[in-house]
Amino acid sequence: MDIAQMGVGAAYALAAAGSGWGFFVVGQAVLGAWKKCYAQNKPAPYILMVFFGMPFSQNIYGMILMNSLKDAVGTADPGLIMGAGLFGGIGMGMSALSQGIVSAVAADAYVATGKGFVNSIICLGVIESVALFQMVFLMGLVS
């Protein structure tokens with residue numbers, strides 16, 4: 001059972017670690033973009049908070065997968081639970097980090113041009129779908 005429990009914890013911990021790194025990257029970019037606005041005596045667009053928040057959803061997906069894996073302990077193969085938690089957490093974490101990086105570029109581009117917000121959200125939505133599909137497919141695998 002110990003290996004299964006490690007997988008349960010890994011699902012959330014690794015997804016959350018990726019979200020943290022994603023916030024680290026995009027947070028710097030958003031603050032830098034606002035600094036540019038302040039330096040030019042332009043209003044700082046609050047809409048950049050949308051970009052800042054993008055890496056958070058993988059936290060939620062990691063928690064949902066963690067709870068699903070926890071429910072499967074005792075019925076599913078412990079190695080399967082460990083693998084699903086470990087690789088699912090890594091995948092969701094990488095998705096969150098990727099969102100942070102792309103959100104950083106999107107924030108900078110928006111402040112520079114005042115355009116492209118919807119296009120950026122579409123790109124970020126594609127990255128989001130990677131984590132969402134991982135969660136759903138792994139939950140189906142262990143149920």
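A residue counts as buried when its relative accessible area is under 20%, as exposed when that area is over 50%, and as partly exposed in between. These legends apply that scale to a predicted model.

**View 1. Gln28, a partly exposed residue of helix 1.** Gln28 has its place in helix 1, and because its relative accessibility is 48%, Gln28 counts as partly exposed. In sequence Gln28 and Phe52 are 24 residues apart, while in space their C-alpha atoms lie 9.4 Å from each other.

**View 2. The whole protein chain, with five helices and zero strands.** Read along the sequence, the pattern is α-α-α-α-α, and the C-alpha atoms fill a box of roughly 60 × 25 × 15 Å along the principal axes. The protein chain has 143 residues, of which 41% count as buried. When contacts between residues at least 6 apart in sequence are considered, 86% of them join residues that are at least 24 apart.

**View 3. Helix 1, from residue 2 to residue 39.** After helix 1 comes Asn41, a residue with a positive phi near 55°.

**View 4. Helix 3 and the elements that cover its buried residues.** Helix 3 is made of 16 residues, and the distance from its first C-alpha to its last is 23 Å, close to the 22 Å expected at 1.5 Å a residue. The buried residues of helix 3 are Ser57, Gln58, Asn59, Tyr61, Gly62, Leu65, Ser68, Leu69 and Ala72. In an α-helix there are 3.6 residues a turn, so residues three or four places apart point the same way. The cover over the buried residues of helix 3 includes helix 1, helix 4 (78–113) and helix 5 (117–142). Just after helix 3, Gly74 has a positive phi of about 100°.

**View 5. Gln58, a buried residue of helix 3.** Gln58 belongs to helix 3, which covers residues 57–72, and Gln58 counts as buried because its relative accessibility is 0%. The side chain of Gln58 is joined to the side chain of Ser95 by a polar contact of 3.0 Å. Leaving aside residues up to four places away in sequence, Gln58 touches Ala15, Ser19, Met92, Ser95, Ala96, Gln99, Glu128 and Ala131.

**View 6. The packing of helix 1 against helix 3.** The axes of helix 1 and helix 3 are 8 Å apart, and the two helices pack at an angle of about 180°. Because angles over 145 degrees count as roughly antiparallel, helix 1 is roughly antiparallel to helix 3. From helix 1, Gly7, Val8, Ala11, Tyr12, Ala15, Ala16 and Ser19 take part, and they meet residues of helix 3 that include Gln58, Asn59, Gly62 and Met63.

**View 7. The packing of helix 4 against helix 5.** Helix 4 and helix 5 have axes that come within 10 Å and cross at roughly 175°, which means that helix 4 is roughly antiparallel to helix 5. Among the residues of helix 4 that meet helix 5 are Leu80, Met92, Ser95, Gln99 and Tyr110, and the residues on the helix 5 side include Phe117, Glu128, Ala131 and Val142.

Notes:
Residues numbered from 1 in each chain as written. Predicted model: local features only at pLDDT ≥ 70, side-chain atom pairs only at ≥ 80, totals over all residues. Heavy atoms only, no water. Helix = DSSP H or I, 4+ residues; strand = E, 2+ residues; numbered from the N terminus. Buried < 20%, exposed > 50% of the residue type's maximum accessible area, 1.4 Å probe, protein only. Polar contact = N/O pair within 3.5 Å; in protein donor to acceptor, adjacent residues only side chain to side chain. Contact = heavy atoms within 4.5 Å. Expected span 1.5 Å × (residues − 1). Axes fitted to C-alpha atoms, helices over the stretch in contact; angles between N-to-C directions. Parallel < 35°, antiparallel > 145°, perpendicular 65-115°, else oblique.
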